[in-house]
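Okay, thanks for coming, everyone. I have one structure for you today, so let me put it up and we'll walk through it.

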Amino acid sequence: MDFHAPGTLADALAVKAAHPDALPIAGGTDVMVDLNFDRRRPPALIDLTRVGELRAFGADGAHLRIGAGVPYRQIIDQLAARAPGLALAARTIGSPQIRNRGTLGGNLGSASPAGDAHPPLLAAGAVVELASVRGTRTVPAAEFFTGPKRSVLAADELVTAVLLPVAPGPQQFAKVGTRTAMVIAVCSFAVALDPVARTVGTGIGSAGPTPLRATAAHDLPLPWDTAGPLDDDLVRRFGELVAAAARPIDDVRGTAAYRRHALGVLARRTLTWAWDDYRKGRA
Amino acid sequence: MTTTVSTTRGGVGDSALRPDGTLKVTGEFAFSSDLYADDMLWGATLRSPHPRALIRSVDIGAALALPGVYAVLTADDVPGERRYGLEVVDQPVLAGRSVRYQGEPVAIVAADHPETARRAVARITVDYEVLAPVTDPEAALAPGAPQVHEDADDDPRAGHSEPGPDQPLGTGNLTRHVPVRRGDPAATAPVVVAGRYEIGMQDQAFLGVESGLAVPAEDGGVDLYIATQWLHVDQKQVAACLGLPADKVRLTLAGVGGAFGAREDLSMQVHASMLALRTGRPVKMVYSREESFFGHVHRHPAVLHYEHGADTDGTLVYVRARIVLDGGAYTSSTPAVVANAATLGVGPYTVPNVAIDAYGVYTNNPPCGAMRGFGAVQACFAYESQMDALAAALGMDPVELRARNALTTGGLMPTGQLVEGPAPVAELLRRVRDLPPAPAGADFLPGGVANTTRGEGVVRGVGYAIGIKNVCFSEGFDDYSTARVRLEVINGRAVALVHTAAAEVGQGLVTVQQQIARTELGVDQVTVATADTRVGSAGSSSASRQTYMTGGAVRAACRLVADRVYARAGVPEGRLRDGAVLDASGAVVASLADVVGDDPIEQTTEYRHRPTSPLDPETGQGDAHVQYAFAAHRATVDVDVELGLVKVVEIATAQDVGKAVNPQAVVGQIQGGTAQGIGLALMEEIQVVDGLVRNPSFTDYLIPTILDMPPTRVDVLELADPHSPYGLRGVGEPPTISSTPAVVAAIRAATGRPLPRVPVRPEHIVG
Ligand SMILES: Cc1cc2nc3c(=O)[nH]c(=O)nc-3n(C[C@H](O)[C@H](O)[C@H](O)COP(=O)(O)OP(=O)(O)OC[C@H]3O[C@@H](n4cnc5c(N)ncnc54)[C@H](O)[C@@H]3O)c2cc1C
């Protein structure tokens, strides 16, 4: 197996163009599992950890730009205020060791339906930045995933960054797992309120072939003007819309019926918490 | 009652440090997977993808042709006995005409690199005629059911482990039926509760995968370095399969990374030895994690039907039960597991009328055998669930109901066996009940950092359970351990060397051996030799028996050594303390080093517990067990009733250990056993569908993490047993038995759900 260790993004893209079947490796927390279990035998690896551009993050116009190589630990420690939903999700990933190594770009690269970083990206309306020697393009997070472990990423492309609109309102994330840590989501849910556009962004994880949005809940008529308490019917309606948007299956981790039920509960709770934050912000 | 006062530092009763502790914590301890020999080859195993199939042909040509491959062996290459087994010889070394479970070994390969070995395995082609698997144990017992072993070459034969050759073997898919009848089997009572309970298949989930190194010897034999629980029972089986006399198969214990019953059966022992003998090179085998799930037996899944009848004051009148344990494709230790489930099936209660039938069944599911708790776990979940149901039916407090019916010293088991020695059943229950309640606010809510609740839906519940376990081997089995103790002078100091074949599996047996030698011989420095087959059998590190049995053997050998010291020193009733020989009045008469001089004293002896008797095959009556151990648990849980997530807030437990030989190790066993019981209550299950395992990995076979393990209050009682060394009682299994039903009782209290099955999954709670 060949091992490429480019030091710059330009070199990395050139290597990827020259060796489209070479497998990028960032934190290696998915790649090494696949190699050890003999699930994958790529002819070459491209180590991305030396590419400084991928580890950068910061403001980029109206967006927060997070490099694909930024590990969860840094998202939790340094981006919790600017990307609260993503930081909440990052806290639930794996163990301290996994959070030190694992990256946002790797989560996207794997495109697992259970990737915990995905729902907050969908909820917040993030876009994924992809680059190749041919140039750079951006794809809305909701369109990045095409199926279980499949995405729009072309053979010569790398994920370079995620661009998040600077959070205009409260965000929440919650994940159901059958133990308290180190667990793949049975289902997860992210919500992002946008008081400017007056919309409710959603992201559903582990309950469909790809992360999903409850688009029907997007324009939920929240009392934005009065910032009054949410009435129970509205909260219930939101839960129903989220549950209805899921496309869960029965598997070893849980039943489809349970997932749908739990998503309804998570949706109601997280909307209430986010709304409470919104009200506090207005008070 | 024997009481031993520890006068020696690091002696009996002291929390002496483990000799292997620092190495394990710093990562320097050599486990069996770290074994290495110059020039060694790597073995790999081809396993059946089907739970039931006939093998039409096996083509090894392409595998043999791969450069770097030294041997490819199949059933025809097994040099001796083609099958093995602990209690019944029925499991092929390599599948011959048929496979009976997914993962059954079909062929083995030795190559110069593990990767080459794996690739060679992938090149072996097996032509299977796939058959419909037998997967439902109840259906397997029905007349006319397809027979799991119909195409076996030979009938099963008795093996070398308990319950021993006197016990009748089952027929057809029935591996054993144990009935227990006491009093009037048709008794009636004014208050009756009945239930059906189910236990999923738990895995021992040890961290050290199956591994070992076989080295061919010049005498035509083999030296096998192996992580196991019982060197001598391995030796017998391996030698028989290799067609060698036992003295040509020498086993040495390699570092064991946990066992919990999963290393009682053979895994790669015969395979590595066959490859080593064939190639003339050392052969190492290490299973992968996924392979490990197919490489050892699991805890028997069970379906249990119970009916309890009581008077209106709560006094138990009768218990009737039917217990079906799915043993999977091969017998392993199913017969002894069935006997435990039956004889311990009413729990630690006095019941005048009992009719229990426990069955072990062959299916094409993964083979099941020994796991911590061994048949007592399955029964306890059912009888304790029943006791709670009965308390509810009577409107009684569940602890009071249990205490009213509690077994006591002098009471009778359903087998008619008299309970001798302490049986503090009611006391243990009251102790856990009377502790202050768990703190109101847990350190975090169900879901934890996953942020699923801020208190919404969270309801607290408290539940109780108590269990009973037999200690040591039962049913008339000749159960013994051997110890060799040598006292010698090194650098002017008297030191002891203890040599046994007992397997240190992490439980701390090496420490206990040192402690006993220190106490008995009055020396500081005690070395425990690596366990091997150059000394007689120690029996298995199972059944909570090794401190009792090998501890007893070490004590006995030390006392023989001490007698020779006294004889040499000319003190008739001497004592040894702090490196000195004392006379009966306690006066120092000589230094131990002077008495031993340059003539070391060595003694080897066997220790046996008091004999037991077989169970009557019709009535299940008999003094089958050696010692009973009891533990009680109080579990406090917070349940998110809308999401079905559970956080165990606190465990309070009380256990009588007779004598805490090493108090810290005792608490460690109680915490660890409790964690394993919490795992069964909440998450641990090998999911099998149509004979196929769906989750053979730690990604989806979940075991509790440190965040799932609550703070534990441990109350250790030391009520000496009249028959055992130092009055001790086996410790390892009881905490695993009662923790599961206590946690489920607490979830029921919080949710009002019946929850008749473990593990309890979120969807069972939300309904
Ligand atoms: C013990 C354990 C626990 C885990 N727990 C969780 C969990 O709770 N939640 C969760 O979501 N995940 C979990 N994971 C999975 C994994 O940690 C995450 O998916 C992580 O984000 C992967 O990041 P990485 O940097 O390690 O990726 P790598 O393993 O390096 O790469 C993963 C994939 O992405 C590709 N890739 C990486 N970077 C790029 C890039 N810049 N451009 C294009 N492709 C790229 C790789 O080629 C590969 O296909 C766990 C893994 C382990 C081993």
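So, P759(B) sits in the loop between β33 (757-758) and α17 of chain B, where helices (H or I, at least four residues) and strands (E, at least two) are DSSP runs numbered from the N terminus. The peptide bond joining V758(B) and P759(B) is cis, with omega at about -5°. Keep in mind that this is a predicted model: local features need pLDDT of at least 70, side-chain atom pairs count only at pLDDT 80 or more, and totals for chains, interfaces and linings use all residues. As for labels, residues are numbered from 1 along each chain as its sequence is written, while chains are lettered from A and ligands numbered from 1 in the order in which they are written.

Now, the A/B contact. Chain B puts in 26 residues and chain A puts in 26 residues; two residues are in contact if their C-beta atoms, placed from the backbone, lie within 7 Å. Which helix gives the most to the side of chain B that touches chain A? That's α17 (residues 762-766) of chain B, with three residues. By class, that side of chain B has 10 nonpolar, eight polar and eight charged residues. Here Ala, Val, Leu, Ile, Met, Phe, Trp, Tyr, Cys and Pro count as nonpolar, Asp, Glu, Lys and Arg as charged, and the others, Gly among them, as polar.

F374(B) isn't a glycine, yet its phi is positive, near 45°. You'll find F374(B) in the loop between β19 (353-362) and α9 (376-394) of chain B. Is F374(B) buried or exposed? It's buried, with 28 other C-beta atoms within 10 Å. The cut-offs, with C-beta atoms placed from the backbone: 20 or more others within 10 Å is buried, 12 or fewer is exposed, and in between is partly exposed. Over in chain A, D38(A) also has a positive phi, about 65°, without being a glycine. D38(A) is in the loop between α2 (31-36) and β3 (44-47) of chain A, and with 13 C-beta neighbours inside 10 Å it counts as partly exposed.

Staying with chain A, the domain assignment gives domain 1 (56-165) and domain 2 (171-282); such bounds come from an automatic or database assignment. Their C-alpha centres are 20 Å apart. In the contact between them, 22 residues of domain 1 of chain A meet 24 residues of domain 2 of chain A. α7(A) gives the most to the domain 1 side, with seven residues. That side splits into 14 nonpolar, seven polar and one charged.

Next, the ligand. There are 29 residues around it, and the closest are G27(A), T29(A), G94(A), G106(A) and G109(A); near means a C-beta atom, placed from the backbone, within 6 Å. α6(A) gives the most to this shell, with five residues. The shell's classes are 14 nonpolar, 12 polar and three charged.

Beyond its neighbours within four places in sequence, I323(B) is in contact with residues including A302(B), L304(B), I356(B) and Y359(B).
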